[in-house]
Amino acid sequence: MSGLRLEGLVAGRRGFRLPPLDLTVAPGEVLALIGPNGAGKTTLLKTLAGLLPPMAGTVVHAGAPAWLPPPGAVSAGFSTLHLTALGRAPLRRWSPGLTAEDIGTARAALARLDVDDLADRPFNRLSSGQQQLVLIARLFVQDAPVCLLDEPLALLDPAHARAVETAIRALAAEGRIVVASTHHLPFAARCDRVLAISPDGMEVEPPVRALTPDRVRALFGVEVTGCPCCGQALG
Amino acid sequence: MDPLSRLRATLLPTGLVLLALAGALAVLATGPLAATPDALLAAMIGRGAPEAELALALRGPRLLAALTCGAALAGAGAGFQILFRNPLASPDLLGVSSGAGLGAAVALLLGAGAALVQGAAFVGGLAAGALALACAALTRSGDDRLALILCGIVAGALASAGLGLVVVVAEPYSQLPSITYWLLGSFTRATLTEAVGALVPVGLGAGVLIWLGFRLDILSLGDEQARSLGLPARPMRLLALAAAALMTSSAVAVAGVVGWIGLLGPHAARLIVGEQAGRLIPAAMSIGAIFALVIDRLATAFGPSEIPVGLLSAAIGAPAFLMLFVATSRRS
């Protein structure tokens with residue numbers, strides 16, 4: 001895997017443009033995307049995912065990326081196991097159906113994140129935290145080299161947030177690139193690099209420099225000692 | 001999947017298909033020209049007694065038409081419900097039924113024969129569906145589903161207006177009764193050619209929907225999820241819509257406008273086999289076929305004059321749907 005390379009990428013949609021971005025992300029790296037609401041985090045993620053066309057520049061990646069909307073955005077009445085197995089769809093685009101091997105892979109991925117007891121329950125009946133763990137299990141099944149996560153920790157209680165963060169680390173540990181937007185700055189502080197998006201521009205830096213009190217104040221316009229979303233200490 | 005639920009997953013849809021076929025035999029074995037099941041089976045392979053062959057020749061086409069149309073409407077209804085993630089989506093979501101009604105009414109107005117009326121209804125239904133799809137493609141709406149539903153309403157409304165015009169100008173004593181009767185729905189007019197003529201496109205559409213299987217499940221998650229799972233979302237959605245519209249059109253062309261099967265079939269099937277498209281569609285088709293069989297049997301059960309199946313399906317289907325809805329909502 002040769003990583004993710006952005007060359008003069010301008011993400012945007014009608015009436016909204018982000019400044020051009022040049023960036024290389026190495027395999028195994030977790031990049032946090034922070035910034036106020038409406039700054040363009042989701043637009044940038046969708047452009048990286050190929051769901052929105054770039055307004056200029058190019059995105060180069062090793063293979064088709066996987067993309068996840070925020071927790072609670074995916075709704076499905078069928079079983080959790082089937083939803084997880086759908087991660088194999090890129091391999092089965094034109095085949096008659098999913099195979100027993102696909103189901104086995106899905107079951108193993110659920111077991112790995114310790115949610116295999118939910119396998120036969122309808123996905124809609126799970127809590128947001130359980131749903132998010134199942135969707136991350138599907139990322140292991142899909143095995144895309146680049147995983148783009150839109151606010152993976154939103155709506156989650158601290159225990160589920162910790163489990164999801166551990167799972168995100170495990171995704172990266174196997175050589176995948178993870179780009180995750182977040183408002184939970186302690187998570188951003190534990191990522192490898194932070195991309196801060198504000199109306200004034202974009203900057204990529206290590207967490208220690210990106211998350212100083214001055215920078216956080218400038219980015220969000222609030223005076224805080226810890227995380228602006230929960231007050232937790234940074235780092 | 002544990003062995004028990006795997007068994008359930010394959011046995012239940014298969015069982016429903018067998019039940020539909022057994023129901024067809026049971027219908028032939030009762031009522032006018034009744035023949036025993038073994039005599040009927042012998043007649044099917046050309047070795048039956050003359051009475052059994054007569055029963056098969058006279059009642060077979062109608063039975064085949066009922067099975068085909070019931071399966072087609074319920075299968076298309078299930079397809080639309082999955083694609084639109086809306087349990088109220090019905091087979092005429094794209095205006096197909098109204099378009100088919102207009103086609104048939106115009107053909108009847110011009111004095112066409114039965115085969116031509118069927119052809120006109122088929123073309124009218126597909127034209128309305130194509131109009132809805134084309135209009136939806138013109139919009140740059142962020143939500144494809146909303147655009148399709150609105151364009152379906154527009155296509156259906158246009159066809160209904162045309163149908164109203166035909167009804168007004170039709171000759172009230174000769175043409176109007178046949179148009180009204182057609183619109184109320186019946187399997188009576190089906191000949192073997194017409195029944196087989198419907199079976200082929202219905203089989204094609206059903207084949208496409210069943211092949212789509214897990215891909216329909218992915219499409220139900222929305223286009224963005226589908227694309228990030230590597231599916232060409234728009235062409236696949238279009239293929240599924242076209243398959244469902246083809247099934248509806250062929251059914252309406254043979255039977256006229258028969259409501260409720262397309263709503264009732266998928267809901268009943270969902271209670272039995274769950275939401276997964278690969279199981280839901282065959283199960284819904286079987287239940288739709290059984291339901292059509294029952295209402296067609298009832299249509300002739302009360303005296304010499306037939307009750308239109310469109311009326312019966314609403315009279316039985318609407319309360320049955322309510323019961324299903326109550327059962328489902330109490331269970332969850």
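Which residue of strand 8 of chain A does A:Leu68 stand opposite? A:Leu68 stands opposite A:Leu149, and the legends below show where this pair sits.

This is a predicted model: local features need pLDDT of at least 70, side-chain atom pairs count only at pLDDT 80 or more, and totals for chains, interfaces and linings use all residues. Residues are numbered from 1 along each chain as its sequence is written, while chains are lettered from A and ligands numbered from 1 in the order in which they are written.

**View 1. Chain A as a whole has 8 helices and 11 strands.** Helices (H or I, at least four residues) and strands (E, at least two) are DSSP runs, numbered from the N terminus. The radius of gyration of chain A is 18 Å, close to the 18 Å that the globule rule gives for 235 residues, so chain A is as compact as a globular protein of that length. Here the radius of gyration is taken over C-alpha atoms, and the globule rule is 2.2 Å times the number of residues to the power 0.38. Along its principal axes, the C-alpha trace of chain A spans about 55 × 40 × 30 Å. Of its 235 residues, 46% count as buried. A residue is buried if 20 or more other C-beta atoms lie within 10 Å of its own, exposed if 12 or fewer, and partly exposed in between, with C-beta atoms placed from the backbone.

**View 2. Six strands of chain A line up in the order 7-8-9-5-10-11.** These 6 strands form an open sheet with mixed pairing. Two strands pair if DSSP finds at least two bridges between them. Strand 7 and strand 11 (201-205) stand at the edges, each with a single partner strand, so one side of each is left without a neighbour in the sheet. From one strand to the next, the twist averages 15°. Angles run from 0 to 180 degrees between N-to-C directions, and axes are lines fitted to C-alpha atoms, for helices over the stretch in contact. Follow strand 5 (residues 30-34) of chain A to strand 9: the two are parallel and share 4 bridges. Within strand 9, A:Val178 is the bridge partner of A:Val30.

**View 3. Strand 8 (residues 146-149) of chain A is covered on both faces.** In a regular strand the side chains alternate between the two faces of the sheet. On one side of strand 8 are A:Val146 and A:Leu148, on the other A:Cys147 and A:Leu149, and all of them are buried. Strand 7 (residues 66-68) of chain A pairs with strand 8 in the parallel sense over 3 bridges. Strand 8 is also joined to strand 9 (residues 177-181) of chain A, again in parallel, by 4 bridges. There, A:Leu148 has A:Val179 as its bridge partner. To get from strand 8 to strand 9, the chain passes through helix 5 (residues 158-173) of chain A, and this β-α-β crossover is right-handed. Right-handed means that, with the strands pointing away from the viewer, the path from the first strand over the helix to the second runs clockwise.

**View 4. A sheet of 3 strands in chain A has the order 4-1-6.** This open sheet is antiparallel. Its edge strands are strand 4 (21-25) and strand 6 (56-61), each of which pairs on one side only. Strand 1 (residues 4-10) of chain A meets strand 6 over 5 bridges in the antiparallel sense. Look for A:Glu7, which stands opposite A:Thr58 in strand 6.

**View 5. Chain A and chain B meet through 20 residues of chain A and 19 residues of chain B.** Two residues are in contact if their C-beta atoms, placed from the backbone, lie within 7 Å. On the side of chain A that touches chain B, strand 7 and helix 2 (80-85) of chain A are the elements that give two or more residues. By class, this side of chain A has 15 nonpolar, 3 polar and 2 charged residues. Ala, Val, Leu, Ile, Met, Phe, Trp, Tyr, Cys and Pro count as nonpolar, Asp, Glu, Lys and Arg as charged, and the others, Gly among them, as polar.

**View 6. B:Met44 lies in helix 2 (residues 37-44) of chain B.** Chain B has 14 helices and 0 strands. With 14 C-beta neighbours inside 10 Å, B:Met44 counts as partly exposed. From B:Met44 to B:Gly60 the C-alpha to C-alpha distance is 10.0 Å, and the two are 16 residues apart in sequence.
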